[in-house]
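Here is a short note for your review. Please read it with the model open.

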Amino acid sequence: MGKILIKNIKGLVQCGEDLPKVRRGGDMKELPILENAFLALEDGIIVEYGSMLEWGGLADWRDLEIIDAEGKYVLPAFCDSHTHTVFAKSREEEFVDRINGLTYEEIALKGGGILNSARRLADMSEVELFDHAMERIQRLKSYGTGALEIKSGYGLSMDAELKMLRVIKRLKAECDIPIRSTFLGAHAFPPEFKDNHRGYIDLIKNEMIPRIADENLADYIDVFCERNYFSVDEMEEILEAGIAIGLKPKVHVNQFSALGGIRKAVELNALSVDHLEELVDDDIEALKGSKTMPTILPSCSHFLSIPFGDARRLIDNDLPVALASDFNPGSTPSGNLGFVWSLACVKMKMTPEEALNALTINAAYAMGLSDTHGTITIGKKTAVILTKEIPNLAYIPYSFGDQLIERIILS
Ligand code: NIG
Ligand code: FE
């Protein structure tokens, strides 16, 4: 903590007062940039910004770190509203299986995929899971992530789901970025409940959810609504049990098939609907006028070679779009949001400005952090990215694979 002054900033991006909580449709192209600017930070809060030409100096220069940002940009840190950062082990053997011709769904049907991660997680201690996740979070921060949502869902038993959620709770307490916790007990049916869906849903509703309420272990509730996973009716029943203890829905829908999960999630006032590789007209209609953030995960599409979410169609229908990583060992082993930015531009035809809105303002909304993150606004938390020297902002998604972030500043 202390004071930081960033001076001579080439462009201070997404800064201003009274910025909207969500940018949608044509407004997603808007991106305020103040040129030749300064930014003052004190005790973890944004206290002042403006043009270098109008700068009156500081009242108190003691204990001040001065950063010269000549040729560099400063932007709000990315918010990653969808990740599975707590997991036991990587799954590169499935990656090789897919190269050799199997699909992600075929691997899952053989007991790989989520069930593979669940088997590995069952044997790992809480301390080891925590240490691995903490290490990953340090890496995500170096890529510019300044707020993180993390899901359970590799437990699939009472003990292992609670273990994951306790790890997330400890990460919340010990990390210097805000973390939101999502209960995803309904990620897959465990093998012992393969032919007894009712039994697993009852376990989630009658045993897991009450314990989560008692120990205050989650902010959100998620369900993987998909063929071979949870049906729309099953999703509804589970989400309602979560809503009853104060968890807001944020759901996996439309990854491989459009089952009507989006309309149901909107009806249940979901904060976000995530994946959306498959979209039908009724999904778009359901989202119109709702408070639910459509969230696309382009690194998952890239890694699984499945369609990219149709961001243009959403935006052209005056809807907002958020982007997230989906960082997990099976479908998205990268949590690099700079790469997501690039994929959104190259594969989804989002402009650099639209994609940055999707990674900041709209992503902050999708994890309930609009009041503290997503823009550079007086009173918001210090969570900003300082870039390296770059010619313009579009250069970041253009130079895919390069690390153009010099540092993330968090206090
Ligand atoms: O969001 N689609 C469901 N869940 C994760 C992947 C889980 C896994 O393969 O481990 C996802 O892509
Ligand atoms: Fe996911």
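1. Conventions. This is a predicted model, in which local features need pLDDT of at least 70, side-chain atom pairs count only at pLDDT 80 or more, and totals for chains, interfaces and linings use all residues. Residues are numbered from 1 along each chain as its sequence is written, and side-chain values use heavy atoms, with hydrogens and water left out.

2. The largest pocket holds about 360 Å³ of space. A pocket here is an open set of points on a 1 Å grid over the protein atoms alone, where a 1.4 Å probe fits, with protein on both sides within 12 Å along at least five of seven lines. Its volume is the space filled by probe spheres set on the points.

3. Pocket lining. The lining of the largest pocket has 15 residues (an atom within 4 Å of a point). Nearest the centre lie A108, L109, L115, F189 and N228. The lining divides into 8 nonpolar, 5 polar and 2 charged residues. Helix 2 gives the most, with 3 residues. Helices are DSSP runs (H or I, at least four residues), and strands likewise (E, at least two), numbered from the N terminus.

4. Salt bridges across the sequence. The whole structure has 23 salt bridges (a Lys or Arg side-chain nitrogen within 4 Å of an Asp or Glu carboxyl oxygen). K21 and D371 form one of them, at 3.2 Å, N to O. K21 lies in the loop between strand 1 (3-13) and strand 2 (33-42), and D371 in the loop between helix 14 (361-365) and strand 14 (384-389), so the pair ties together parts 350 residues apart in sequence. D371 is exposed at 57% relative accessible area, while K21 is partly exposed at 48% (buried is under 20%, exposed over 50%, partly exposed in between; 1.4 Å probe, protein chains only).

5. D202 pairs with R198, with the closest N and O atoms 2.9 Å apart. The two are 4 residues apart in helix 6, so about one helical turn separates them. R198, D202, K205 and E237 are linked in a network of salt bridges.

6. Surface patch. F95, V96 and I99 form a nonpolar patch on the surface, with about 280 Å² of accessible area together. Patch members have over 30% relative accessible area and no salt bridge, and nonpolar side chains are joined within 5 Å. I99 lies in helix 1 (residues 92-99) and is exposed, at 59%.

Definitions and conventions: Chains are lettered from A and ligands numbered from 1 in the order in which they are written. Patches are made of residues with over 30% relative accessible area and no salt bridge: like charges are joined within 9 Å, nonpolar side chains (Val, Leu, Ile, Met, Phe, Trp, Tyr) within 5 Å. Accessible areas come from the Shrake-Rupley method with a 1.4 Å probe; for residues, only the protein chains shown count as cover. Ala, Val, Leu, Ile, Met, Phe, Trp, Tyr, Cys and Pro count as nonpolar, Asp, Glu, Lys and Arg as charged, and the others, Gly among them, as polar.
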